[in-house]
Structure formats: structure tokens, C-alpha cells
Amino acid sequence: MRHLPVTSRRLGVIAIGLAIAAGAVACGPKGGNDAKAGAGAKPQKGGTLYVLNNQAQEDFDPARLYTSGGGNIPSLVYRTLTTRNRADGAAGAKVVPDLATNTGEPSQDATVWTYHLKDGLKYQDGTPITTADIKYDIERSFAPELSGGAPYLRDWLVGAADYQGPYKDPKGLASIETPDAKTIVFHLNKPEGEFPLLATQTSFAPVPKAKDTGTKYAEHPVSSGPYVVVSNENNGEHIVLKRNPNWSAATDDQRKAYPDVIDVQSGIDQAVINQRLAAGVGKDADAVTTDTNLGPAELAKITGDKTLASRVGTGHFGYTDYIAFNPKVKPFDNIKVREAIAYAINRTTVVNAQGGSSLNEAATTFLPQQAAFGYTPYDPFPAGATGDPAKAKELLKEAGYPDGLTVSLSHDVTKGDEQGPEVATAIQEALKLAGITVKLDGQEHNAYSDKIHNVKTEPGFFLAGWGADWPSGGPFLGPIFDGRQIVTGGDNFNNAQLNDPSVNGEIDAINKITDLKAAAVRWGALDKKIGEQALTVPLYHPVYKRLYGKNVKNVVISDWTGVLDVSQAAVK
């Protein structure tokens, strides 16, 4: 399932205002943050951390959320069998135990996974957490009225394809066994070596059946994490959290839980968020954002201010923006034409169209540039940073187009969007030098999404983007290139409609590997193999730059989410 970027990237030219008129830097510390921000003092418990966001944390129910959703806010309330390692950069892309004693015990063929709960786990009311509660929440996630969460278990669990949740079928799923209060066993349809990564999703959080209020559960959920929900206004527009007295750090080595209160305010204009964080007046000195980037104009304005520079965190989330081809549409059925476009692309102008190299990293691989995904450097069509129009012309001649050709490029009309007119125009100008005339076909956002994800209307040449639900090559390459995931009656993301038995077979083989490092190597090799077929042209991987308040300490931004981890931040 496609995972949208953890921030809205539609940022125009925004002024930070008088607070930084004197300037600051173009970017924060590379690859991470000043984790000891705040005069180097050690973080202490106490105070209120304010989260200023543009988008509301809607449907705050573990059955309806992803772990990475909401800028880490859900994981303050909902603990899961496993979780992401709370560390900066690449170290934060690892999976670690949370409620469970380890990351899972697989059967020999990785079709059965067993977990055991830690001792001493309690809800906010002091009652014990049991595996039956985890099984129940997973079953809740199948209920149509609680849709929106991770879809994988419907395919992975034995007998789950047509299950409609416990409200309609209280007998539950036989493929999830709870032989005792501390043991849970999952039976899968096929080998899944990445099951521990899936178990970080919030559907693996416990929900006591007696406290389930169905669609209203998000208003007063029962906490298994370090904070409880005091109030949830207007479906996540304003959420206030306070300490859970029955959470124990002895059972949770991941969440620091420094603040006494965490106040999440949403629906704020992005320009206002950045202005308030830069000024740092009053409560805003104790504030962060988990969904609002600095735009190119803002980065330019803050050049030179070392103090403000120390308050810009850099994040990398596994996401790739790329050109997609539909080889069923001429002339893109000719690999030479696709290769010619790959050579003609000027990634420098494309990156500049999206705000420059501080906000984007040029890409020649489909997999993001992080080891957890299996990133293996390669460039099957080496054209340098600015393209090779001469090589592109040679390929066009070989393809039967010695005088060039005219094609149509579909894109989103939303200015600033990663699939928007700025990127489309940069591609148009680059291809012109290679003798390719590009006519731009702009569509309103929703209409564009519907068009490119329907096999009946999918164009031959268009802009697309993809992010993974966890840091691995599996949820990156599978949905885009596994022929068995081609969807003819709904949203289809295998744009090339590739159904190569050798690719499908390699995906199956990697899925059997429970050693995630070994699997990553194989994902990287598969990325290279697919890349040589010129079914996509990777353009860039986004980089997130976010301000945080001057009193905020212990800033941690992992490569799993790319956003500041509120479970680590302190204001004292």
C-alpha cells in the first residue's frame, strides 16, 4: 500500500518574518540533529511539549492508524509487539521489541511467528495487558467501520481474506492463537521474514474488549504507553496527553517520556508554524512540528544564523519520486525510447524545481539511499547530473525516431507538489534538448491520482512517488513490480504492469529470509535488475528540514519516519 510522505510538501515561498530577518543557515546538522540542543544541558522530566501541526491526527484508533502516522504521536499511547529503535539516522531504522520479549520467533519457513509478552505490562487503569487484547485489536482492524489501517494482514493471515471483524464475527481469526495470556502465535499464508517490521503497526497494540467503544474508541482510548488521552477535540485537531501513572520505564526502554504533558495542536497554517518556531516566544520555545517542512525560501532566509541553524533537524524518510512508464502505451513499449528519456533527464534542474539539493537528493536507484532498504548504488543509464542529450538522440535513432518524437507527460497541476508543474516543466525542457517534444497534460490532484492508478486510464508517461510502510525493500519493490499485485478492479501501483516470473520468484525467495540484513542485500540486487529494464526513471529522494523550539532538547530523527520523535524530546 502506498504510504504518503510524512509531511505535506506543497510549500510555496513562505517568509519566516522579522524573527529571523537577520538570517540563519540553509540546513541543520547533516544527517541528524544537535541532540544536546539547549546549552548542552541534560534533558529532564517535566513541563509541557507543544506540537504544532498542519494536519490533524484523525481517527486516533490503533485499528485505523499506521505506527509512522501522526509524527510518532500514536506511539505515545499505543505500544505494539515490536517498535522502531528510537535513535538518530540509520540506527533508527531497526526493529526492536516493545511489548514482546524479542522481535519474534519464526518457524523454519517463516510462516508461523510466536511472541511472548514482557512481565509487568499494564494499562492506564493498572489492569494487565494480555495477548488476547492484541488479538482483539488486530481483529478490530478488519471491521469495515474501522478501516484505514495497515492492509497486510488480510493477505498474510490464514483465513483472513474475507473476515469482517469481531463485531460481525465474534469467533475471531483462528490463525491468531493465544494459548495463554502472554503468548500469541500467528499463522501465515506464505513465508514473511519481515513480520517483525509489520508488528510495529498500531493494529498490534492491545485493546481490552470490555473497553471497546467501536467508532468512538479514538475519543477515550485505553493507554498502554507512557501517556493517556486527556482530550481529543474535533477528531484529532487538538489532542492533550498526560502521564500514564501505570506505565513503567522498566518495561519500555524506547520511550523517554520526559514531558509531563504533550499538547498537539493542528490545523495551523504551515507559514505560521515556521514563524512561531523561529520566533520561539512563550510556549513556542517548547514546541516542535512533526509535519511541516521549511521551504526553499525559508532556508534561504535563515542562512548565516548559527543559533537558528542548530534548531533545524534533518530527516530522511524512505520515499522516491520518479517518472513512471506504461509499456502498454506506444512509444513506451520500446525500451530504447524509455532509455533515451532516462539519459535525457537533467536531475539538477528537477531537484532545483523542487527547492534545491538541501531538500532533495538526486536519485538513480528506485530504493531510497538507506542501508535498511537494501540501497545499492547503481546507475544503469549514466548521464551525469545534467543529462546526456547526445546519447538520448542515439537511442531514439535506434528506436526508429531519427527526427525525434512527441510525447505527452501527465502530471498533477498543484503547484509545489512533487508530481506538479514545476517538475514537469523541468523534464519538458531537458527532453527538448534530446529532440523529444513534451506536451504537458496537467490534472487536478484527485483526478490525477485516479487516472494513474487505474489500469484502464493509466497514461504512458507520468510522474509518481512511492514510500514504504517500514524501512525495507519489500514494501517498496513488491507493490510496484510484483506482477501478482497488479490490480485491475481498483487502485493499481504496478504502473509498468510488470509480471516477470523471475522477479516474482525473487520476491518470494527474499520474503523467506528472516535475517533482515541478508534480505536487504537481495533487495538491492533486485532493484538493480529491475532498474536495467527502464520501467521507471528515479528522480530524487526528499529530505525534510524542520525547525524546533529553542528549549527543546534530545532531538532524535530516525530514518524510519524522518520526523522528530516526540517520545524522546524534552523541554527541561
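Figure 1. Of the 572 residues in the protein, 59% are buried (under 20% relative accessible area with a 1.4 Å probe, protein chains only). The protein exposes about 21100 Å², and 51% of this area comes from carbon and sulfur atoms; the areas were computed by the Shrake-Rupley method with a 1.4 Å probe. This is a predicted model, in which local features need pLDDT of at least 70 and side-chain atom pairs count only at pLDDT 80 or more, while totals for chains, interfaces and linings use all residues. Residues are numbered from 1 along each chain as its sequence is written, and side-chain values use heavy atoms, with hydrogens and water left out.

**Figure 2. Overall dimensions and fold content.** The C-alpha trace spans about 75 × 60 × 40 Å along its principal axes. The protein has 14 helices and 19 strands, taken as DSSP runs (H or I, at least four residues; E, at least two) and numbered from the N terminus. Among contacts (heavy atoms within 4.5 Å) between residues at least 6 apart in sequence, 74% join residues at least 24 apart.

**Figure 3. Helices α13 and α14.** Helix α13 covers residues 501-511 and helix α14 residues 516-531; their axes come within 10 Å and cross at roughly 170°. α13 is therefore roughly antiparallel to α14 (an angle over 145 degrees). The axes are lines fitted to C-alpha atoms over the stretch in contact, with angles from 0 to 180 degrees between N-to-C directions.

**Figure 4. Residues between α13 and α14.** On α13 the contact is made by S502, V503, E506, I507, A509, I510 and N511, and on α14 by A519, R522, W523, L526, K529 and I530.

Conventions
Angles under 35 degrees count as roughly parallel, over 145 as roughly antiparallel, 65 to 115 as roughly perpendicular and the rest as oblique. Buried means under 20% relative accessible area, exposed over 50%, partly exposed in between (1.4 Å probe, protein chains only).
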